[in-house]
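I opened this entry to look up how the chain is put together. I wanted contacts, cores and strand order on one page.

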Amino acid sequence: MEIDLAPKDPKGLYTGDGGSYSSWTPDDLPMLRVASIGAAKLTLNSRGFAAPSYSDSSKVAYVLQGSGVCGLTVPEATTEKVIKIKEGDALAIPFGFVTWWFNPNDSDLAILFLGDTSKGHRPGQFTDFHLTGPTGIFTGFTPEFVSRAWDLSQSDVSKLVHDQSNAGIVKLKVGQKMPEPSDKDRDGLVVNCLEAPLDVDIKGGGCVVVLNSKNLPTVESVGLGADLVRLHGGAMCSPGFSSDSAYQVTYVVRGSGRVQVVGVDGKRVLETKVSGGQLFIVPRFFVVSKIADPEGMEWFSIITTPNPVFSHLAGRTSVWKAISPEVLEAAFDTTPELEQLFRSKRTSDEIFFPPK
């Protein structure tokens, strides 16, 4: 499989007083097109506001830093859900849902979006449809059509639609009122990965929180699973692969480390260092392993199935422990003594291996 798997940084698409929007493109990261995955990052400055829009792709949103407010309206709903969000929050957003984002605080709010573009207009890229602004949907209709649809005069329609000069991200004036978030609106829609119970916690190794249809029911409708992994300094993440034909899309939140990926015929297709802000994708059934630098490494990933299954090739839960001794001796063409030594290692370590 001759394709560039090297980690990449995003490219800025828009920057203004309210904030910025950047994305990864298939031209820079070809695996996005292969896997039909989109990836983007929204940063809102103080009082930055991303106006209502909807997307052609289902997404998982992860709050990288800061706190703020998200508005979410499901199709055919008569009221919106207004959700307070903070660092570590993950939301699953099906395509067609209308969302807006607001940062009422002094520090920046940054949100990562990873999603499935297989039903979108452009494989490997999100297409967002804005409801307002100079590129809003209603700028394409004639004043007559909008006037009839909204039951407004054409002069009022012109004020609402055609006199707008602001792009999709703006800075709201001090004193501009916004809806207050409701705690109950978070139920079933948000999981905080920094506060949720740990699915794996290895002393000196690392920990992981898995998002699936059990703790975040909406991932079922978006068809994606996700996890947040924190690997301690010098620790190793066991070589492993997705055994249910899923792609792994990984964004490095902070820290750095080394990554190796091995594919068909035992060929090492990636050997590199990754650092905070970079994104890379592991092809289906390829084996990946990571070793954190001394400061550790944290990453957020989506997997292109809502309830992912992984097979590990080292550690207590590895496939080696399940295969019979006779088969291992024959496969490795080795002695019973070396097979026993091999089997006796990593009998208590699981997934993460602390540095020696």
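I started with Leu279 and left out neighbours within four places in sequence. Leu279 is in contact with Ala6, Pro7, Lys8, Trp24, Leu29, Leu32, Ala39, Leu114, Val249, Thr250 and Tyr251. I note that the model is predicted.

Next I looked up the nonpolar cores. The largest has 56 residues. Leu279, Phe300, Ile302 and Phe352 have the most contacts inside this core. As background, nonpolar side chains in soluble globular proteins tend to be buried together.

**Sheet**

I then traced the strand order. An open sheet of 7 strands reads β1-β2-β3-β10-β5-β8-β13, with antiparallel pairing. From one strand to the next, the twist averages 20 degrees.

Strands β3 (residues 37-44) and β10 (residues 109-116) run antiparallel and are joined by 8 bridges. Lys41 stands opposite Leu112 in β10.

**Thr117**

Where is Thr117 found? Thr117 sits in the loop between β10 and β11 (128-130). Is Thr117 buried or exposed? Its relative accessible area is 0%, so Thr117 is buried. Not counting residues up to four places away in sequence, Thr117 touches Ser36, Ile37, Gly38, Ser57, Arg122, Pro123, Gly124, Gln125 and Phe126.

Note on methods
Residues numbered from 1 in each chain as written. Predicted model: local features only at pLDDT ≥ 70, side-chain atom pairs only at ≥ 80, totals over all residues. Heavy atoms only, no water. Pairing = 2+ DSSP bridges. Helix = DSSP H or I, 4+ residues; strand = E, 2+ residues; numbered from the N terminus. Axes fitted to C-alpha atoms, helices over the stretch in contact; angles between N-to-C directions. Buried < 20%, exposed > 50% of the residue type's maximum accessible area, 1.4 Å probe, protein only. Contact = heavy atoms within 4.5 Å. Core = buried A, V, L, I, M, F, W, Y, C linked by side-chain atoms within 4.5 Å.
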